[in-house]
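The entries follow the order in which I looked.

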Amino acid sequence: MTMDATAMSKIDLPALIDAVADTISEHADELTALDQAIGDGDHGLNMKRGFEAVRAESAALAGQPLPEVLRAIGTKLVMTVGGASGPLFGTLFMSIGKELPTEPSRADLAAALAKAISAVAARGKSQAGQKTMLDVLYPVQAAVAAGKSPGDVADVADGAAEATKPLKAIRGRASFLGDRSIGHVDPGARSSALIVRAVAKVMEHSA
Ligand code: ADP
Ligand code: MG
């Protein structure tokens, strides 16, 4: 099954929000443990607070066009997640919402993701290979652009998160550890992969 315009425009937004909030909350302890290893241990709680705040708005967002919902999610994340990742995930969702037409094709999605990921990189003054969420987001964009199915895109995301393990952190709090950041999965890369998996599952069910 592929991801096409129909899959995107038929997507059940409250289900999407629930799926992402569920997986983040279920994995909050794991994200916290990852951040305890190479950061300050707040990533699980930061993300859980943010996506539960988004969930609380879900009913109000239902019925609004996809781009507006994504922008609202981004704004909420900026206000509630905190840390370095809040503005970055917020930028990601806000930018996708800004770029996406109401009934996007796969090409529209790939283009919107590319622009949004560039916006995250600009905001974080970061690039691929620095052991951050970008190391998942770039391969995910490439997989979407290449026409992979949602499940395959999610597998790419998981593999990319795992592949941050041998990297040395160059950006964010983990960079303070230098070589000691090597050998741990980046928390923001892991949370990005969780979000991608949840979105992919909902897209598969709405197609
Ligand atoms: P903080 O580092 O302020 O405690 P979090 O723990 O919530 O914030 O988030 C840490 C995650 O944010 C990292 O694992 C990394 O993926 C991401 N991150 C941090 N700084 C940057 C940056 N400059 N560019 C891209 N991603 C970053
Ligand atoms: Mg942290």
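**Entry 1: Ala145**

I looked up Ala145 and noted that it is partly exposed, with a relative accessible area of 48%; here buried means under 20% relative accessible area, exposed over 50%, and partly exposed in between, with a 1.4 Å probe and protein chains only. I placed Ala145 in helix α9, where helices are DSSP runs of H or I with at least four residues, strands are runs of E with at least two, and both are numbered from the N terminus. Ala145 and Ala111 are 34 residues apart along the chain, and I noted 8.0 Å between their C-alpha atoms.

I record that this is a predicted model, in which local features need pLDDT of at least 70 and side-chain atom pairs count only at pLDDT 80 or more, while totals for chains, interfaces and linings use all residues. Residues are numbered from 1 along each chain as its sequence is written, chains are lettered from A and ligands numbered from 1 in the order in which they are written, and side-chain values use heavy atoms, with hydrogens and water left out.

In helix α3 (residues 28-38) I found Ala28, Leu31, Thr32, Leu34, Asp35 and Ile38 buried. They lie on the same side of α3 because they cover an arc of only 160° around the axis, the arc being that of the directions from the helix axis to the C-beta atoms. The face turned away from this buried side carries the exposed residues Asp29 and Gln36. The buried residues of α3 pack against α2 (13-26), α4 (43-56) and α11 (187-206), contact meaning heavy atoms within 4.5 Å.

Asp35 counts as buried at 9% relative accessibility, whereas Asp42, at 27%, counts as partly exposed.

**Entry 2: Gly50**

I found Gly50 in helix α4, buried with a relative accessible area of 0%. Leaving aside residues up to four places away in sequence, Gly50 touches Leu77, Thr80 and Val81.

**Entry 3: core and cavity**

The largest nonpolar core has 51 residues, of which Phe51, Ile73, Leu77, Leu92, Phe93, Ile96 and Ile195 touch the most other members; such a core is a set of buried Ala, Val, Leu, Ile, Met, Phe, Trp, Tyr and Cys residues joined through side-chain atoms within 4.5 Å. Leu92 touches Ala116, Ile117, Val120 and Leu137, not counting residues up to four places away in sequence.

I also found one cavity of 30 Å³ or more. On a 1 Å grid over the protein atoms alone, a cavity is a set of points where a 1.4 Å probe fits but cannot get out, and lining residues have an atom within 4 Å of a point. The largest cavity has a volume of about 520 Å³, a volume being the space filled by probe spheres set on the points, with grid points joined across faces, edges and corners. Of its 30 lining residues, Phe93, Ile96, Leu113, Ile195 and Val199 are the closest to its centre. α11 gives the most to this lining, with six residues.

Definitions and conventions
On a 1 Å grid over the protein atoms alone, a cavity is a set of points where a 1.4 Å probe fits but cannot get out, and a pocket is an open set with protein on both sides within 12 Å along at least five of seven lines; lining residues have an atom within 4 Å of a point.
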